[in-house]
4 protein chains.
Amino acid sequence: MVVVMNLTAGTEQINAVQQRLEQFGFEIHIIRGVNRLVIGAVGDRRIISSLGLEAMPGVEKIVPIMKPFKLVSRESKGQSSLIKVKNVIIGGDDVVVIAGPCAVESREQLLTAARMVRQAGAVILRGGAFKPRTSPYSFQGLEEEGLKLLAEASAETGLVTVTEIIDEASLELARDYVDMIQVGARNMQNFRLLRAVGRSGKPVLLKRGLSATIEEWLMAAEYVISEGNENVVLCERGIRTFETATRNTLDLSAVPVVKGQSHLPVIVDPSHATGERKLVAPMSMAALAAGADGLLIEVHPEPDKALSDGPQSLTPEDFSSLMAELRRLAPAIGRRIR
Amino acid sequence: MVVVMNLTAGTEQINAVQQRLEQFGFEIHIIRGVNRLVIGAVGDRRIISSLGLEAMPGVEKIVPIMKPFKLVSRESKGQSSLIKVKNVIIGGDDVVVIAGPCAVESREQLLTAARMVRQAGAVILRGGAFKPRTSPYSFQGLEEEGLKLLAEASAETGLVTVTEIIDEASLELARDYVDMIQVGARNMQNFRLLRAVGRSGKPVLLKRGLSATIEEWLMAAEYVISEGNENVVLCERGIRTFETATRNTLDLSAVPVVKGQSHLPVIVDPSHATGERKLVAPMSMAALAAGADGLLIEVHPEPDKALSDGPQSLTPEDFSSLMAELRRLAPAIGRRIR
Amino acid sequence: MVVVMNLTAGTEQINAVQQRLEQFGFEIHIIRGVNRLVIGAVGDRRIISSLGLEAMPGVEKIVPIMKPFKLVSRESKGQSSLIKVKNVIIGGDDVVVIAGPCAVESREQLLTAARMVRQAGAVILRGGAFKPRTSPYSFQGLEEEGLKLLAEASAETGLVTVTEIIDEASLELARDYVDMIQVGARNMQNFRLLRAVGRSGKPVLLKRGLSATIEEWLMAAEYVISEGNENVVLCERGIRTFETATRNTLDLSAVPVVKGQSHLPVIVDPSHATGERKLVAPMSMAALAAGADGLLIEVHPEPDKALSDGPQSLTPEDFSSLMAELRRLAPAIGRRIR
Amino acid sequence: MVVVMNLTAGTEQINAVQQRLEQFGFEIHIIRGVNRLVIGAVGDRRIISSLGLEAMPGVEKIVPIMKPFKLVSRESKGQSSLIKVKNVIIGGDDVVVIAGPCAVESREQLLTAARMVRQAGAVILRGGAFKPRTSPYSFQGLEEEGLKLLAEASAETGLVTVTEIIDEASLELARDYVDMIQVGARNMQNFRLLRAVGRSGKPVLLKRGLSATIEEWLMAAEYVISEGNENVVLCERGIRTFETATRNTLDLSAVPVVKGQSHLPVIVDPSHATGERKLVAPMSMAALAAGADGLLIEVHPEPDKALSDGPQSLTPEDFSSLMAELRRLAPAIGRRIR
């Protein structure tokens with residue numbers, strides 16, 4: 001950490017900062033610049049925020065040098081993590097495709113979808129039982145009934161399942177029915193929920209918040225892992241920007257950035273990111289080429305009858321074509337799709 | 001609502017859209033444009049998202065005309081709402097100042113802060129017992145112990161109290177100790193929590209999410225009110241933008257925009273918005289001049305020893321000076337500070 | 001266009017709007033909604049902004065239905081445009097790679113770079129002679145001397161050349177020395193310059209402004225084409241968002257969005273978008289997979305001695321490896337690299 | 001400056017960085033951290049970007065400590081600058097109100113506007129003769145004819161005048177007709193134009209670019225001053241964010257931030273920032289309370305007939321009411337309006 005003192009800081013103020021730092025075990029280096037005095041401090045980055053340095057008289061600003069996360073960092077573990085969800089491995093050479101409807105709407109809808117995406121090559125089935133909706137007047141999900149249908153679809157098709165949970169109660173319910181737990185974008189900084197998910201030990205699909213920096217996203221993963229659960233898969237799903245031509249702005253650069261900073265696998269959700277069916281295929285291709293370990297794609301047997309997110313859902317036919325394209329792409333970039 | 005059909009939409013597709021709309025009770029107006037056919041549809045805006053129109057073949061886009069909220073809207077209730085928190089009224093001529101430390105840290109810290117902010121003219125005491133922190137290694141709050149201290153400070157000083165809750169468990173705990181419940185920026189779209197807060201009947205301080213549009217913020221208030229709790233006060237606290245000179249970008253235009261669209265009172269939090277002590281006074285003045293009904297200001301007896309957000313906390317002396325400035329300003333804009 | 005009248009608009013105000021619209025040749029459709037009167041108006045979208053409708057009493061808002069651009073739109077010309085820059089065609093099956101140093105720094109630097117990128121497979125040479133720099137104390141380019149070196153490099157290697165112009169004077173100079181003119185991000189809405197570039201007739205590489213919407217970008221192209229110059233190639237180079245892990249946020253979704261709305265080719269600049277050498281290769285791959293017609297890549301013989309943008313420049317060796325990867329990718333997505 | 005070496009940097013790489021720094025006159029301090037070696041370097045911040053350090057092997061990142069601007073900084077000149085435009089002084093106790101139409105449209109329109117804004121208390125007349133418009137099909141300004149009308153209006157009313165220039169040719173024309181030159185948001189980083197404006201010696205109103213950071217804005221002012229013209233007034237006019245309820249997001253915190261970092265005066269344009277007439281008055285009040293030295297307000301005799309920006313223009317009556325409100329506000333914040 002570097003502490004920049006302001007132009008008018010006096011000796012007494014400089015000494016006070018120095019003492020505070022030494023008291024917390026930091027090693028001090030004083031650098032006298034042209035206009036300012038700068039204090040280099042070597043020690044534990046994670047306690048900086050408890051020191052109150054920025055509020056001390058004479059301090060202009062604090063510049064952290066180290067990243068604030070530890071367990072998720074590539075430095076703490078050089079090798080890329082392989083996350084197992086039953087028989088599926090995320091983070092290896094195989095690109096993992098997760099597909100299914102936005103919301104579980106009925107037995108027929110889910111089972112049809114499950115059979116079709118399995119047929120086309122998906123290995124994990126998605127389906128929402130608890131839907132966070134911006135309007136209180138919109139469909140809010142089938143809840144436990146939806147979870148049961150996911151379990152039934154899994155039993156029939158052999159697909160592994162993932163579903164979003166929205167609080168501790170839904171987490172409690174879901175853990176018995178599904179194989180992987182999704183933490184949605186709106187809950188990425190719901191820190192209590194992150195801890196609970198950490199304690200559950202279940203594999204976690206952690207979506208990036210729609211205005212979260214990559215650093216904040218990795219800190220959210222740090223919360224989960226700090227409870228002893230290392231089975232975290234990150235999912236880029238678009239960030240909020242000024243551009244309105246797409247629902248969100250898919251930040252594909254986040255894929256190589258995350259892979260540089262962390263050992264965790266990262267997948268991409270082109271459906272929520274773009275909000276438009278026609279854009280799902282090109283952005284799926286781009287995600288793979290950028291190095292993503294998998295895709296999360298919304299598929300609905302009849303998108304125009306979907307109770308949620310119909311405009312961005314692929315038909316089963318669209319999805320089959322996309323899988324064919326992805327199969328052509330994968331070997332050209334050193335990956336496989338089973 | 002206006003449904004724009006694409007250039008190549010055929011008669012069959014147009015008829016299908018028309019039938020879907022009529023089936024849901026919409027009245028239809030066909031407009032043939034130069035290049036496109038447009039369908040004007042008159043009916044209930046709140047069910048648009050259930051119609052799946054955007055996913056129907058031939059539909060280019062849907063343009064909603066009405067706002068998606070109803071209970072919070074100025075149109076549903078012309079007169080501005082006055083929200084009572086015990087003996088304090090928010091939304092009237094009196095500007096309401098809420099002050100206190102970011103986090104409750106100890107009995108002495110809180111009681112000192114409470115006495116000092118009361119002395120200077122604050123009417124509501126703030127203090128966090130449950131702290132959502134980006135790092136799992138930071139101070140997370142005193143929890144129930146903190147709530148008890150708030151109740152004690154209230155009993156001693158006569159100040160009304162507000163505290164942030166972060167899930168249903170903390171809501172359950174807090175409702176017996178404090179007078180007003182705060183929903184933080186990160187939980188603004190935690191829809192289950194909004195419903196629970198709605199059922200609690202307690203006055204609510206609803207912060208704007210850091211990347212929430214004004215429309216989404218009002219929809220969050222709609223969730224609370226739709227459960228029968230009309231005691232909602234909105235709080236602007238800065239949005240996330242590309243600018244890094246301040247912690248967030250305080251969107252003061254939101255104050256008159258919200259007052260035009262809704263009957264609910266709106267206050268401003270210049271401490272979290274700017275993240276810097278020196279900016280709190282000018283932005284407090286600006287907030288009042290923009291028409292805010294109150295302010296939420298962080299004050300700490302010893303900011304450089306604060307466990308959270310020290311750099312943006314005012315000292316009691318700074319706060320007294322600011323209150324004096326605000327008292328000079330209020331009558332010039334037709335408001336009062338008691 | 002749809003004109004939404006506000007709740008309290010009277011007959012007189014409605015009539016005034018109707019008359020204004022009819023006077024400008026619009027055909028009128030009145031729709032009486034539940035709470036509002038809405039006027040559908042069919043006519044020339046391009047003159048809406050001259051009507052002053054939004055300022056008329058009783059008008060709540062104007063909702064345009066048509067896109068504001070015409071000459072650049074896919075509707076005006078169904079077939080994708082092929083832009084010829086001497087013997088190079090942009091927009092066809094061949095992916096076009098443009099490479100070279102950020103700034104022309106010396107004869108040796110440019111000729112070395114030119115030979116190396118040609119060797120690796122680039123077909124157009126880039127090099128800046130006029131550098132827009134945020135600091136007045138930074139290197140500002142060799143100006144005409146730089147243009148001469150570009151011409152020399154072209155003569156020696158047979159590479160076609162492109163350089164950025166920054167005002168009408170530099171345009172005048174550059175047109176005699178180079179084959180294609182680049183309009184940089186900061187000048188994307190320098191409308192006089194766009195007109196001058198349009199009049200010049202030279203092929204244009206039009207970069208997206210760093211906070212420009214896709215619609216504004218296409219309107220900038222409309223300026224150029226409206227002067228009779230149809231040789232426009234669009235270049236996505238990242239937009240400004242809250243994320244600071246990369247220099248800008250590369251908006252790859254813009255590639256399929258633009259291709260849906262316009263007949264113009266679009267290429268991608270991963271160097272400026274990411275600002276970091278390690279990210280250039282994965283984002284180049286992703287750009288191709290998303291459907292880009294080409295790439296603009298910074299290559300410098302000795303990046304650590306570059307006077308501008310060294311950290312994002314590839315070494316010639318990096319560039320050769322990347323070309324090899326791109327050659328493996330191209331056939332898997334139905335493209336070619338010569 | 002602090003140079004952070006990466007985890008695996010070897011002695012040779014560290015020596016190379018050290019030599020490069022010393023060769024450019026920097027004084028070196030080596031700090032060995034827990035995981036990294038950090039090099040503190042004391043010297044001229046302005047040449048950092050020429051050193052190519054970030055591209056050197058082993059370097060992880062560069063952290064600048066000093067601000068990149070010098071002439072505009074509060075550190076270079078402690079006292080606030082007073083900018084004289086004929087008999088008007090900007091930056092003193094008097095709040096300066098600049099008003100007039102967006103575009104000069106006709107002799108009658110401009111003279112009527114000039115008389116009315118003078119009557120209400122404006123001291124500078126604004127009016128655009130060169131209009132940068134996003135559509136090539138919109139009104140582009142009266143050009144020299146408009147400048148002549150501004151000169152005539154000035155002669156009749158005694159008002160000082162300001163107009164926007166858009167390139168060197170319009171600057172040449174304008175300097176003989178008006179008293180102050182405006183550089184618009186889209187030209188804030190048109191560095192050649194900034195230099196030309198600097199050489200002109202005319203007082204300059206420098207608008208913030210719609211996606212410019214405060215640092216970039218001050219660097220633009222540095223360009224002007226580095227040519228010897230110290231008469232720069234900054235103008236905040238809203239930045240581009242995800243929020244669409246207002247045309248831009250007025251960043252009022254920028255006012256105290258700029259005043260802390262620079263000696264230059266700063267005014268606010270609530271008309272362009274909000275894009276809506278009803279929001280102009282509250283945001284004008286807020287701007288003053290935040291410490292702005294003046295306001296730039298669009299006033300049109302008949303907003304609904306305006307050829308540009310009618311929806312955000314005040315009528316002369318609105319403007320008179322606003323001036324009355326501002327006159328009540330000013331003394332309460334220690335300012336005056338003549």
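**Notes on the C–D interface**

I began with polar contacts and found 21 residue pairs between chain C and chain D, both residues at pLDDT 80 or more; a polar contact is a pair of N or O atoms within 3.5 Å, where within protein one must be able to donate a hydrogen and the other to accept it, and residues adjacent in sequence count only if both atoms are side-chain atoms. Helix 5 (191-200) and helix 6 (214-226) of chain C are the elements that give two or more residues to the side touching chain D, and helix 6 of chain C gives the most, with five residues. Helices here are DSSP runs (H or I, at least four residues), numbered from the N terminus.

A reminder to myself: this is a predicted model, where local features need pLDDT of at least 70 and side-chain atom pairs pLDDT 80 or more, while totals for chains, interfaces and linings use all residues. Residues are numbered from 1 along each chain, chains are lettered from A in the order written, and side-chain values use heavy atoms, without hydrogens and water.

Next I looked up salt bridges (a side-chain nitrogen of Lys or Arg within 4 Å of a carboxyl oxygen of Asp or Glu). There are eight between chain C and chain D. One I checked joins Glu216(C) to Arg240(D), with the closest N and O atoms 2.7 Å apart.

How many residues are in contact? I get 46 of chain C with 47 of chain D, contact meaning heavy atoms within 4.5 Å.
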